Amino acid sequence: MVRFAEEKDLDRVNELRKQVNQIHVDARPDVFKAGFCKELQDFAHVLLTGENSDILVAEREGMICGMACVEYIRRPENPYRTVREFYHVQEIAVDKAFRRQGVAKELFEFMKDEAKKKMFHKIELDVWSFNESAIEFYEAVGFHEIRKWMEYNII
């Protein structure tokens with residue numbers, strides 16, 4: 001079952017966010033800070049109560065086993081771009097013990113339904129190239145690459 005998160009869910013949501021943060025820290029300690037500071041924890045509340053954001057949670061037998069932080073992006077036209085409106089997946093996490101059991105797919109199906117209800121025609125996200133399992137999932141459900149962000153190390 002997938003539903004919108006409530007205030008009482010934030011501790012568990014942050015446990016899941018911490019797991020994903022650690023994946024990023026392990027892969028790129030030059031970019032991501034170790035630990036999961038109070039500011040990162042408090043950001044879940046900002047998303048939960050935001051006018052243009054939500055947190056979704058997936059449950060199995062009453063336990064939250066997955067979550068997604070989403071934003072509703074509506075950008076006006078500017079000299080460079082046309083109007084941009086999309087449903088943005090900011091974070092998605094599935095507890096280690098529940099991976100490869102369809103939890104992320106259930107979250108994604110819920111997101112698709114919500115995006116349609118909110119009259120969005122696209123769902124967008126970004127993913128680090130080291131996160132191969134996430135990329136594999138996103139491609140399996142139909143996401144496709146639209147741009148690359150590259151870096152060049154001087155030292």
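Predicted model: local features only at pLDDT ≥ 70, side-chain atom pairs only at ≥ 80, totals over all residues.
With a relative accessibility of 14%, His88 falls below the 20% cut-off and so counts as buried. His88 sits in strand S4. Leaving aside residues up to four places away in sequence, the contacts of His88 take in Cys69, Val70, Glu71 and Ile73, along with Glu124, Leu125 and Asp126. Cys69 also turns up in the strand pairing, as the bridge partner of Ile55.

That leads on to the sheet. It is open and has 5 strands, in the order S1-S2-S3-S4-S5, with mixed pairing. At the edges are S1 (2-4) and S5 (123-125), each of which pairs on one side only. On average, neighbouring strands are turned by 35° against each other, if direction is ignored. In general, the strands of a sheet pair through backbone hydrogen bonds, in either a parallel or an antiparallel sense.

Going through the sheet from S1, the pairing of S1 with S2 (residues 53-60) is antiparallel and covers 3 bridges. Here Arg3 is found opposite Val57 of S2. S2 and S3 also run antiparallel, and 8 bridges join them; the pair of Ile55 and Cys69, the latter in S3, is one example. The hairpin made by S2 and S3 has 2 residues between the strands, and Glu61 takes a positive phi there, near 50°. Next comes the antiparallel pair of S3 and S4, joined by 10 bridges. In this part of the sheet, Gly66 stands opposite Val94 of S4.

For H1 (residues 10-27) and H2 (residues 38-49), the angle is about 120° and the axes are 10 Å apart. The two helices are therefore oblique to each other, and H1 passes H2 in a right-handed crossing. On the H1 side, the residues that meet H2 are Leu10, Asn14, Arg17 and Asn21; on the H2 side, they are Leu40, Gln41, Phe43, Ala44, His45 and Leu48. Sorted by class, this contact has 5 nonpolar, 4 polar and 1 charged residues.

The other histidine to pick out is His24, which lies in H1. Its relative accessibility is 13%, so His24 counts as buried. With residues up to four places away in sequence left out, His24 touches Pro29 and Phe32, as well as Trp128, Phe130 and Asn131.

Methods
Residues numbered from 1 in each chain as written. Heavy atoms only, no water. Axes fitted to C-alpha atoms, helices over the stretch in contact; angles between N-to-C directions. Helix = DSSP H or I, 4+ residues; strand = E, 2+ residues; numbered from the N terminus. Parallel < 35°, antiparallel > 145°, perpendicular 65-115°, else oblique. Left-handed = near helix turned anticlockwise from the far one by under 90°. Contact = heavy atoms within 4.5 Å. Nonpolar A, V, L, I, M, F, W, Y, C, P; charged D, E, K, R; others polar. Pairing = 2+ DSSP bridges. Buried < 20%, exposed > 50% of the residue type's maximum accessible area, 1.4 Å probe, protein only.
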